[in-house]
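Reader: I would like to know what stands behind the labels given to parts of this model. Please take the terms one at a time.

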2 protein chains.
Amino acid sequence: MKAFIKDIFKHQQDYMGKTVQLSGWIRTLRDNKNFGFIELNDGSFFKSIQVVFDSALPNYNEIAKLGVGASINVEGELVESPGSKQPFELKASVVVLEGAAPSDYPLQKKRHTYEYLRTIAHLRPRTNTFSAVFRVRSLASYAIHKFFNEKNFVYVHTPIITASDCEGAGEMFLVTTLDMNKLPQTKEGAIDFKEDFFGKMANLTVSGQLSAETYAMAFGNVYTFGPTFRAENSNTARHAAEFWMIEPEIAFSDLKDDMKLAEDMLKFVVKYVMDNASEELEFFNNFVDKTLIDRLTNIIESKFEHVTYTQAVELLLKADVKFDYPVKWGIDLQTEHERYLTEQVYKKPVFVTDYPKEIKAFYMRLNDDQKTVAAMDLLLPGVGELMGGSQREERLDILLERMKELGLNEEDYWWYLDLRRFGGTKHAGFGMGFERCVMYLTGMTNIRDVIPFPRTVNNAEF
Amino acid sequence: MKAFIKDIFKHQQDYMGKTVQLSGWIRTLRDNKNFGFIELNDGSFFKSIQVVFDSALPNYNEIAKLGVGASINVEGELVESPGSKQPFELKASVVVLEGAAPSDYPLQKKRHTYEYLRTIAHLRPRTNTFSAVFRVRSLASYAIHKFFNEKNFVYVHTPIITASDCEGAGEMFLVTTLDMNKLPQTKEGAIDFKEDFFGKMANLTVSGQLSAETYAMAFGNVYTFGPTFRAENSNTARHAAEFWMIEPEIAFSDLKDDMKLAEDMLKFVVKYVMDNASEELEFFNNFVDKTLIDRLTNIIESKFEHVTYTQAVELLLKADVKFDYPVKWGIDLQTEHERYLTEQVYKKPVFVTDYPKEIKAFYMRLNDDQKTVAAMDLLLPGVGELMGGSQREERLDILLERMKELGLNEEDYWWYLDLRRFGGTKHAGFGMGFERCVMYLTGMTNIRDVIPFPRTVNNAEF
């Protein structure tokens with residue numbers, strides 16, 4: 001019977017003693033003259049299966065010479081393995097070559113640096129590390145959809161191309177079909193975007209939040225999960241120009257509800273990945289980050305802490321630590337501060353809430369102290385900030401006031417303001433950068449290594 | 001206890017006779033002087049709940065004057081309804097206004113055209129029709145993820161921004177951060193994209209397929225589900241500049257496996273939506289498309305037909321129908337031909353296979369007749385084409401030959417060709433436009449009405 005390697009590992013008893021057909025790629029091949037061993041991986045599972053073949057095969061010599069990376073079809077009996085390294089092996093009666101991998105195949109059996117593997121991003125998922133990373137990415141992604149679906153949230157595909165200026169978070173990419181060699185001009189000599197595809201200037205979205213709010217005011221609980229873009233010229237291990245983001249938005253809810261949702265979601269995702277990718281996590285724990293499984297277990301088992309920004313600043317001022325960036329009320333917390341709080345003070349995840357309004361976005365709800373807003377950041381040991389969210393300002397007059405303070409143009413936001421004019425409700429939401437979450441789940445430390453084909457400054461290969 | 005309206009409808013017995021708190025929006029309000037009725041919807045469910053209130057409420061007069069669209073919090077006892085229209089109602093003891101909706105609220109209780117509702121796309125999910133459309137969209141989306149997850153497919157986020165020229169399907173949007181007012185030029189006077197963000201010209205993707213193939217050669221079975229873009233200047237009811245696409249890719253598989261996967265996936269999605277959105281589908285069946293439920297039932301219960309392109313052309317030539325577009329071997333089938341085949345000849349879904357190579361993409365596998373390729377389109381009664389796929393050309397020499405015929409530049413495809421050089425396998429895949437699927441599931445006939453904020457020529461509002 002045709003089978004996947006995962007099925008054999010998970011339901012060994014159903015296959016033992018039976019004739020099984022497998023198709024996959026050779027990870028290693030050892031030829032001992034009259035018999036040989038193939039470690040075969042079919043991509044269905046992190047682990048490979050051992051295939052034993054011997055000179056009874058009519059094409060023994062051809063098979064014994066195959067290189068790492070070749071694809072083959074194998075038929076054989078699943079038997080107990082005399083070796084101690086694996087519980088079973090496939091005793092091959094037929095091995096047919098599907099596609100060779102000559103000696104210039106770049107993934108010969110040896111250690112490769114992550115930097116090198118980025119240059120062959122089309123092949124790197126065939127390695128243990130990247131097979132594990134991208135399976136975890138897939139599972140985490142599914143866990144997020146499952147979590148929200150079980151809670152009856154509506155998934156909204158917010159637009160990628162946006163012509164509204166009202167997102168304002170960071171630099172944006174322009175999207176155009178204008179002929180760059182003969183750009184149309186207005187009478188005043190500006191570029192005439194009326195001639196462009198959308199009849200106005202259009203950009204790639206930096207957040208689906210404002211659109212998601214419109215749907216929360218209809219469905220109550222909604223979320224987005226899609227690509228977002230930042231045209232920031234920063235070449236760090238934590239920034240990419242294209243990344244995926246999860247943004248739930250909940251009506252009739254305040255900041256407390258928002259933090260509960262964030263905590264529940266993160267625990268659900270971590271648990272789902274631990275339950276469904278134990279082989280991958282064990283691998284990461286052994287070879288990438290020895291604290292990984294402890295860290296993840298800590299997430300699931302902790303009750304997350306809550307501290308206000310003002311209290312956090314006091315803790316930092318009292319800390320017996322020399323920070324590079326000096327602390328005082330009003331500053332934006334830096335990674336060193338965040339990590340001190342979550343790693344030294346609380347030793348578990350902590351929500352910092354109620355930030356000064358000056359360092360947060362216009363749509364966050366003003367607190368009664370008139371100085372802070374109902375915002376939250378979730379800090380985690382080992383990484384710092386993973387999510388940020390807020391209760392949204394539902395009071396039209398206060399929102400308009402804030403927009404005036406910040407010089408935002410009311411007309412650009414007509415539809416967003418409508419949400420406060422017509423059946424507005426208390427509501428809240430947060431955003432989680434999906435890649436940061438995958439980095440957290442795997443221990444990988446460069447965002448380029450958790451995106452299949454990363455886009456960064458001067459890099460859009462493949 | 002706090003509750004959602006969906007829970008009450010689904011688990012009535014748990015709530016009957018209890019005090020329940022609900023938050024939602026007023027769909028209708030009738031004031032009979034000493035008592036009144038509110039149809040309350042909280043977005044958790046298609047149906048609304050009837051709230052009865054009377055002058056025992058201290059704020060009766062305020063509540064009785066509320067307009068359609070206002071948001072309220074209600075507390076009351078769930079009791080059997082004396083009316084025949086609903087099994088239960090909420091006898092309110094407390095009603096608190098959360099957000100008013102003054103008389104200029106655009107969604108007063110009356111029929112609105114779809115065209116008008118597009119101009120208030122931020123409010124339209126509050127109507128019955130669009131609440132149903134976008135819940136079905138969300139459920140269908142989840143069904144797709146669930147289908148592939150259960151089959152152990154890896155979900156791959158293929159890149160949105162692409163600098164490779166090798167997709168070639170249709171016109172593309174340019175993505176840039178260059179200052180349009182002082183574009184850098186090369187010595188030869190061309191635009192110098194070396195100065196652009198990615199160091200070269202970049203576009204929005206038109207398909208994730210080629211990237212997905214790289215991951216299929218590692219994980220075996222993978223799929224993408226993400227936004228794709230076409231800069232086509234066509235203003236039809238079936239085309240948008242931004243839409244979502246599902247593209248599975250399966251290794252060690254041929255066209256037959258591909259068609260089986262397509263059939264299984266579609267049946268799974270249709271069944272999932274029928275099971276989880278019966279109220280919405282009933283609504284569509286009554287008010288949008290009276291054939292809907294029959295059509296969807298037909299999908300689930302049919303064994304899909306298979307016919308080759310060559311046979312299909314013969315059937316069309318014999319047909320007792322005058323087609324606008326004359327039929328002969330070699331033409332691309334038009335919607336009228338497709339609909340004749342699926343609606344008149346087979347009366348069920350039909351795969352048309354083995355198209356002339358001239359009308360299909362370079363990567364499709366050449367058949368032994370040297371004239372046709374192992375391609376398939378799935379045609380459905382009522383819409384025509386829903387998906388298209390193919391077995392991919394895994395033979396390097398034949399692929400290179402095809403690329404030469406079509407004037408494609410080998411170097412642009414180095415990584416794609418590597419998949420045939422190193423451990424290549426027989427493989428196949430297909431693409432399904434998600435919006436077409438949602439149109440099929442709802443009976444909606446304009447793509448603008450199944451995308452939250454559609455992007456089309458001269459339109460990127462919101």
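Reader: What makes the contact between the side chains of A:Asp275 and A:Lys271 a salt bridge?

Author: This is a predicted model, and in it the side chains of A:Asp275 and A:Lys271 come to 2.8 Å, N to O. The cut-off is 4 Å between a side-chain nitrogen of Lys or Arg and a carboxyl oxygen of Asp or Glu, so the pair qualifies. A:Asp275 and A:Lys271 lie 4 residues apart in helix H7 (residues 255-276) of chain A, so about one helical turn separates them.

Reader: Why is A:Lys271 called partly exposed?

Author: A:Lys271 has a relative accessible area of 41%. Buried would require under 20% and exposed over 50%, so A:Lys271 is partly exposed.

Reader: What makes B:Glu263 and B:Lys267 a salt bridge?

Author: Their closest N and O atoms are 2.8 Å apart, and the limit is 4 Å, so the term applies. B:Glu263 and B:Lys267 are 4 residues apart in helix H7 (residues 255-276) of chain B, about one helical turn. Both B:Glu263 and B:Lys267 are buried.

Reader: How do you know that B:Glu394 forms a salt bridge with B:Arg365?

Author: The closest N and O atoms of B:Glu394 and B:Arg365 are 2.8 Å apart; with a limit of 4 Å, the pair therefore counts. The pair links distant parts of the chain, 29 residues apart: B:Glu394 sits in the loop between strand S15 (384-391) and helix H12 (396-405) of chain B, and B:Arg365 in the loop between strand S13 (350-356) and strand S14 (372-380) of chain B. B:Glu394 and B:Arg365 are both buried.

Reader: What area is buried between chain B and chain A?

Author: The area is about 8,900 Å², and carbon and sulfur atoms give 63% of it. B:His157, B:Phe252 and B:Phe422 supply 9% of the area that chain B buries against chain A, more than any other three residues.

Reader: What makes strand S8 (residues 174-176) of chain A and strand S8 (residues 174-176) of chain B a pair?

Author: They are joined over 3 bridges in the antiparallel sense. Pairing needs at least two bridges, so these strands pair. In S8(B), B:Val175 is the bridge partner of A:Val175.

Key. Residues numbered from 1 in each chain as written. Chains lettered and ligands numbered in written order. Predicted model: local features only at pLDDT ≥ 70, side-chain atom pairs only at ≥ 80, totals over all residues. Heavy atoms only, no water. Buried < 20%, exposed > 50% of the residue type's maximum accessible area, 1.4 Å probe, protein only. Buried area = accessible area lost by both parts, 1.4 Å probe.
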